Amino acid sequence: MLRILTIFGTRPEAIKLAPVLRELARYPDQIVSRTCVTAQHREMLDQVLALFGIVPDVDLDLMQPDQTPSQVAAAALERLDDFLQRERPDWVLVQGDTTTVMAAAIAAYHRRIRIGHVEAGLRTHDKWHPFPEEMNRRIADHLSDLLFAPTERARQNLLAEGIPDERIRVTGNTVIDALLWAASLPLDVRNSNVRTCQRANVRTLLVTAHRRESFGEPLRRICAALRTLAGRGDVHIVYPVHRNPNVWETVHAELNGTANITLLPPVNYRELVYLLQTCTLVLTDSGGIQEEAPSLGKPVLVLREVTERPEGVEAGTARVVGTDPERIVAETNRLLDDPQAYETMARAANPYGDGHAAERIVEAIVGQLRSSCPTT
């Protein structure tokens, strides 16, 4: 039996690992699958756990108000090291680029435990953007024994850094697996946070902006652009606001009470998928939404200076617009006012996967087990 411990701490990690956990459960005669959450995010993580029916075996409950990445890393390293010493799994699975991912990879390495990294190889080649995610992902990649690259470009990034090809598998991104599953679930909008978002005869712009490098003046510039766009009168801007006080306080100070803008508390994943399904286009600094929205035919304007997901830009599903208010407004108006420009982005093929990434990931791990067993 192969003992696999999956470690995650934030909502995006939980979303992207849920299909992997479901797939691991299909091998009860070969795999003992256990989960550990750091709860780097608490409320938003719990929403996803409930939606996907995930009951962690261990919850470290590390979240503290307005904690720094160093505080998260220190607490996670200490607690995970003790846990790994007791648990002794054959593999640790992590996903993405959070501080939990980096700390879990280091802790597993220190205990000489093999590491599988889901969503490996994404790069901007700028250590400050996204911060601290760019370096978190690089560290996890170089400590990992199996690297599950979502795209061929990600694989090439890993090869360029000297990671052997035999350790890399191109799988697609598990977020597409999760998205397609969540989109099939029923949602009673009347009893949901999104009930206030239904407006007739206007187009909805979905906004998510919460990244650390957006704190302060960049986020205020984004809010200035949203105020201008709301003044068109023919759009409704829906913005689920992250609870981090650097985001929550700024956004509410800048936008609360603005006509044609609805500020929501964080929505659960099924509600977010509903907003993606019903909106006209997306303005975001999130990484995952750059991958999800194209599967639903929604153009994405990326509120960042650089993205580690250039495949979407090259495919035509996304455009990087930064945080300059004039550019944000101009690019949004272009999509709203030029049907051909909108259709070109909405109909572009999604480069991030086909909904079967989790199957490929688990098959690769099971293949490692088979190759290590003697033949008879």
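How do the residues of the lining of the second largest pocket divide into nonpolar, polar and charged? The first legend below has the answer. This is a predicted model, in which local features need pLDDT of at least 70 and side-chain atom pairs count only at pLDDT 80 or more, while totals for chains, interfaces and linings use all residues. Residues are numbered from 1 along each chain as its sequence is written, and side-chain values use heavy atoms, with hydrogens and water left out.

**View 1. The second largest pocket holds about 240 Å³ of space.** A pocket is an open set of points on a 1 Å grid over the protein atoms alone, where a 1.4 Å probe fits and protein lies on both sides within 12 Å along at least five of seven lines; lining residues have an atom within 4 Å of a point. The volume is the space filled by probe spheres set on the points. Of the 13 lining residues, Leu21, Arg22, Ala25, Ser33 and Thr35 are the closest to the centre. The lining divides into seven nonpolar, three polar and three charged residues. Helix α1 (11–24) and strand β2 (31–37) each supply at least two of the lining residues, and α1 gives the most, with four. Helices (H or I, at least four residues) and strands (E, at least two) are DSSP runs, numbered from the N terminus.

**View 2. Phe8 and Tyr269 touch the most other members of the largest nonpolar core, which has 57 residues.** Such a core is a set of buried Ala, Val, Leu, Ile, Met, Phe, Trp, Tyr and Cys residues joined through side-chain atoms within 4.5 Å. Buried means under 20% relative accessible area and exposed over 50%, with partly exposed in between (1.4 Å probe, protein chains only). Helix α1 gives the most to this core, with seven residues. A second, separate core of 32 residues includes Ala209, Ile261, Val321 and Tyr342.

**View 3. Thr171 sits in the loop between β7 (168–170) and α7 (174–183).** Thr171 is buried, with a relative accessible area of 3%. Leaving out residues up to four places away in sequence, Thr171 touches Phe148, Ala149, Ala357, Arg360 and Ile361; contact means heavy atoms within 4.5 Å.

**View 4. Helix α9 (residues 245–255) has Val247, Thr250, Val251 and Leu255 buried.** These four lie on the same side of α9 because they cover an arc of only 100 degrees around the axis; the arc is that of the directions from the helix axis to the C-beta atoms. The buried residues of α9 pack against α8 (217–230), β9 (235–240) and β10 (261–264). On the face turned away from the buried side are the exposed residues Glu249 and Ala253.

Conventions: Nonpolar A, V, L, I, M, F, W, Y, C, P; charged D, E, K, R; others polar.
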